[in-house]
Amino acid sequence: MEETYLLNVEGVKKKILHGGQGELPTLQDGSKITFHFQTLKDNFERTVIDDSREAGIPMELIVGKMFKLEIWETLLRSMRTGEVAEFWCDAIHTGMYALVSRGMRRIAEGRDPLEGQKHRCGMGNMFDYHSTGYEDLDELQRTPQPLIFIMELFRVEEPSAYKRDTWAMNKEEKLAAVPVLHREGNRLVLRKEFEQAAAKYQEAVICLRNLQAKEKPWEEGWLKLENLVTPLVLNYCQCQLELGEFYEVLEHTTELLQKHNDNAKAYFKRAKAHAAVWNEREAREDFLRVSQLDPSMAAAVKKELKQLGERMRKKDVEDRKCYQGIFQPPR
């Protein structure tokens with residue numbers, strides 16, 4: 001096989017073991033590459049370090065998302081669909097492999113890939129030679145060395161050709177995903193699939209919160225996003241009320257009211273959650289606040305207060321019977 005330098009990248013050599021089909025795929029940010037890989041040491045035995053086929057799940061890489069082992073994106077860009085190639089990479093490209101392999105192994109084992117990871121900046125972690133939990137990876141971390149990667153490229157999918165996780169989306173894609181998630185949540189609510197609906201609303205909120213983190217609080221951009229967040233949080237809380245997760249509702253409505261203390265719907269949902277967990281005084285205060293903020297909800301508030309009074313009277317009777325049985329002397 002002819003050995004060539006790949007794209008004039010220093011410290012990289014490539015051998016094609018099996019030719020692929022068609023032209024080189026056109027990769028853009030967000031494209032998904034699916035492939036199998038095998039990692040070997042550059043020694044006489046060609047010791048195998050990792051093999052994705054043993055895990056039974058091919059590897060997926062999203063182009064432009066700063067994968068820790070940057071050289072892999074470069075290698076895959078040189079391959080055609082169906083191609084199998086062997087790459088020799090010098091130590092200047094493989095220094096992060098131990099950390100990448102650690103995460104992949106933990107995922108294959110069904111464990112949290114971040115378990116035990118120290119909360120430090122990326123540069124700090126590069127020089128922190130604490131144990132990875134795997135003896136062979138500890139050796140690579142202490143002494144970076146050339147590695148051999150054998151890769152088989154299965155397919156390349158354009159960003160529009162597959163359902164992308166929201167974490168992998170850019171700003172415009174996240175903004176476009178929010179109304180779609182909102183509609184999906186509403187559709188699931190109509191079918192009374194409240195748990196699935198709550199997950200859609202929550203995913204939309206996470207998209208918007210990620211975007212908000214890049215804006216200055218209370219400035220125009222931040223406020224526009226906040227206006228999108230509020231109805232999604234309220235819908236999420238309604239689902240949690242239906243599911244009986246009342247303390248979850250108390251937490252999220254209280255957080256919402258700390259920013260928007262004139263939101264009648266948030267008070268109403270919090271009042272219902274207070275009533276459900278027998279916080280009578282707090283429930284009455286919130287219901288009365290709703291009537292003050294939105295007179296059109298007065299009838300609904302009146303109905304809820306009547307039900308609250310009946311529930312509390314019934315609970316009082318039951319409690320008295322219970323206590324009477326406790327303190328009544330035995331015959």
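Let me begin with the conventions. The model is predicted, so local features are reported at pLDDT of at least 70 and side-chain atom pairs at pLDDT 80 or more, while totals for chains, interfaces and linings use all residues. Residues are numbered from 1 along each chain as its sequence is written, and side-chain values use heavy atoms, with hydrogens and water left out.

On confidence, the average pLDDT (the predictor's confidence in each residue, from 0 to 100) is 85 for the protein, and 85% of the residues score at least 70. Residues 116-129 stay under 50 in pLDDT. For that stretch the model has 12 contacts beyond four places in sequence, a contact being heavy atoms within 4.5 Å.

Turning to the overall architecture, the protein has 12 helices and seven strands. These are DSSP runs numbered from the N terminus, with helices being H or I of at least four residues and strands being E of at least two. Of the 331 residues, 39% are buried; buried means under 20% relative accessible area, exposed means over 50%, and partly exposed lies in between, with a 1.4 Å probe and protein chains only. Among contacts with a separation of 6 or more, 68% join residues 24 or more positions apart.

Helix H2, residues 70-77, gives an example of burial: Ile-71, Trp-72, Glu-73, Leu-75 and Leu-76 are buried there. Their cover includes strands E2 (12-18), E3 (32-41), E5 (59-62), E6 (84-89) and E7 (147-157), together with helix H3 (97-108).

I now come to the helix pairs. How do H6 and H7 pack? Helix H7 spans residues 194-212, and its axis lies 8 Å from that of H6, at an angle of about 160°. Here, axes are lines fitted to C-alpha atoms, for helices over the stretch in contact, and angles run from 0 to 180 degrees between N-to-C directions. The two helices are therefore roughly antiparallel to each other. In this scheme, angles over 145 degrees count as roughly antiparallel, under 35 as roughly parallel, 65 to 115 as roughly perpendicular, and the rest as oblique. H6 passes H7 in a left-handed crossing, which is one where the near helix is turned anticlockwise from the far one by less than a right angle; clockwise would be right-handed. By class, this contact has 12 nonpolar, five polar and five charged residues. Ala, Val, Leu, Ile, Met, Phe, Trp, Tyr, Cys and Pro count as nonpolar, Asp, Glu, Lys and Arg as charged, and the others, Gly among them, as polar.

One of the H6 residues that meet H7 is Leu-175. Helix H6 itself covers residues 171-190. Leu-175 is partly exposed, at a relative accessible area of 33%. Beyond four places in sequence, Leu-175 touches Leu-208, Leu-211 and Leu-225. Leu-208 is 33 residues away in sequence, yet the C-alpha to C-alpha distance is 7.5 Å.

The loop between H6 and H7 holds Lys-192. This lysine has a positive phi of about 60° although it is not a glycine, and Lys-192 is exposed at 63% relative accessibility. Arg-46 also has a positive phi, of about 50°, without being a glycine. Arg-46 sits in the loop between E3 and strand E4 (48-51) and is partly exposed at 32%.

The second pair is H8 (residues 220-243) and H10 (residues 264-276), with axes 11 Å apart and an angle of about 20°. That makes H8 roughly parallel to H10. Their crossing is left-handed. On the H8 side, Leu-234, Cys-237, Gln-238 and Leu-241 meet Lys-265, Ala-266, Lys-269, Lys-272 and Ala-273 of H10. These residues divide into five nonpolar, one polar and three charged.

Finally, two buried residues. Is Glu-304 buried or exposed? Glu-304, in helix H12 (residues 298-327), counts as buried at 16% relative accessibility.

Ala-283 belongs to helix H11, residues 280-293, and is buried at 0% relative accessibility. Leaving aside neighbours within four places, Ala-283 contacts Ala-271, His-274, Ala-275 and Leu-308. Between Ala-283 and Leu-308 there are 25 residues of sequence separation and 8.5 Å from C-alpha to C-alpha.
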